[in-house]
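Trainee: Could you take me through one part of this protein closely, and then show me how it sits among the rest? I'd like to follow the side chains that meet across the fold.

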Amino acid sequence: MLIDNVNLVDIPEGCLKKMFQYWSSKKGDRLMPSRSDLKPEEFHRLLPQVVLVDVEMDPVRYRARLVGTKVVEAIGQDFTGLYFDRFPDIGFLVDRFNSLVRTRRPYLVNDNVQWPEKSFLEYYGLALPLSDNGRDVNIILLGMYYPIQDHKGSESLTARG
């Protein structure tokens with residue numbers, strides 16, 4: 001399931017709701033906030049579930065700037081510093097990023113991981129645009145939530161809503 005131009009009521013999970021509320025508070029009346037508007041100390045409890053994605057132009061490429069520990073734990077790989085186009089199995093993700101860059105609107109997705117060895121793993125992904133100039137998306141703030149982490153007994157930020 002993919003929801004473009006997501007609103008708070010569309011988000012079923014608590015930590016992603018908090019992330020959306022934080023992003024919304026930082027953007028104010030603007031289309032999107034900048035990276036410098038975000039203060040890690042203000043949302044430090046969410047950082048384990050965050051992926052920051054740099055958007056490069058000419059050619060358009062997406063690079064993982066930061067991958068949170070809960071994301072690494074869930075998928076079994078730290079891809080910090082790597083480009084998403086190096087992973088052909090997740091071309092759909094590049095398409096989603098392209099759409100977000102074009103529309104400059106958040107999206108929410110609920111799906112299963114596309115890697116064969118992890119295809120059982122359900123996730124929610126909330127993608128939020130950031131812009132240094134107020135017009136062009138140059139970073140994507142991606143919040144990831146894996147319900148199985150709650151069931152494995154690992155500490156979760158909130159219960160699944």
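Mentor: Tyr 123 and Tyr 146 are both buried, where buried means under 20% relative accessible area, exposed means over 50%, and partly exposed lies in between (1.4 Å probe, protein chains only). Please keep in mind that this is a predicted model, in which local features need pLDDT of at least 70 and side-chain atom pairs count only at pLDDT 80 or more, while totals for chains, interfaces and linings use all residues. Residues are numbered from 1 along each chain as its sequence is written, and side-chain values use heavy atoms, with hydrogens and water left out.

The structure holds 7 aromatic pairs. The Tyr 123 and Tyr 146 rings have centres 6.4 Å apart and planes at 45 degrees, so this pair is tilted. Rings of Phe, Tyr and Trp (for Trp, the six-membered ring) pair if their centres lie within 6.5 Å; planes under 30 degrees apart are stacked, over 60 edge-to-face, and the rest tilted. Tyr 123 belongs to strand S5 and Tyr 146 to the loop between S6 and helix H4 (147–151), so the pair ties together parts 23 residues apart in sequence. Helices (H or I, at least four residues) and strands (E, at least two) are DSSP runs, numbered from the N terminus.

Elsewhere, ring pairs join Tyr 62, Phe 79, Phe 84 and Phe 97 into a cluster. Another ring, that of Tyr 83, has the charged end of Arg 61 sitting over it, 3.6 Å from the ring centre. The rule there is that NZ of Lys or CZ of Arg is within 6 Å of the ring centre and within 35 degrees of the ring normal.

Arg 61 is partly exposed at 26% relative accessible area, and Asp 85 is partly exposed at 43%.

A salt bridge here is a side-chain nitrogen of Lys or Arg within 4 Å of a carboxyl oxygen of Asp or Glu, and by this rule the count comes to 6. In one of them, the side chains of Lys 26 and Glu 42 meet at 2.9 Å, N to O. Lys 26 is in helix H1 and Glu 42 in the loop between H1 and S2, so to speak a link between distant parts of the chain, 16 residues apart. Lys 26 is partly exposed at 22%, as is Glu 42 at 44%.

Helix H3 takes part too. Arg 96 forms a salt bridge with Asp 111, their closest N and O atoms being 3.8 Å apart. Arg 96 sits in helix H3 and Asp 111 in strand S4, 15 residues apart, and the pair links distant parts of the chain. Arg 96 counts as buried at 14% relative accessibility, whereas Asp 111 is partly exposed at 26%. Salt bridges that share partners also join Asp 54, Arg 63 and Arg 65 into one network.

Now back to helix H1. Its buried residues are Gly 14, Cys 15, Leu 16, Met 19, Phe 20, Tyr 22 and Trp 23. Their cover includes strand S2 (50–56), strand S4 (107–112), strand S5 (122–130) and strand S6 (139–145), so strand S5, which holds Tyr 123, is part of this picture as well. After H1 comes Gly 28, with a positive phi near 60 degrees.

Two loops deserve a glance. In the loop between S2 and S3, the peptide bond from Asp 58 to Pro 59 is cis, with omega near 0 degrees. Asp 58 has a positive phi, near 55 degrees, though it is not a glycine, and it is exposed at 78% relative accessible area. Arg 104, another residue with a positive phi that is not a glycine, at about 60 degrees, lies in the loop between H3 and S4 and is partly exposed at 31%.

Of the 161 residues, 46% count as buried.

Methods
Contact = heavy atoms within 4.5 Å.
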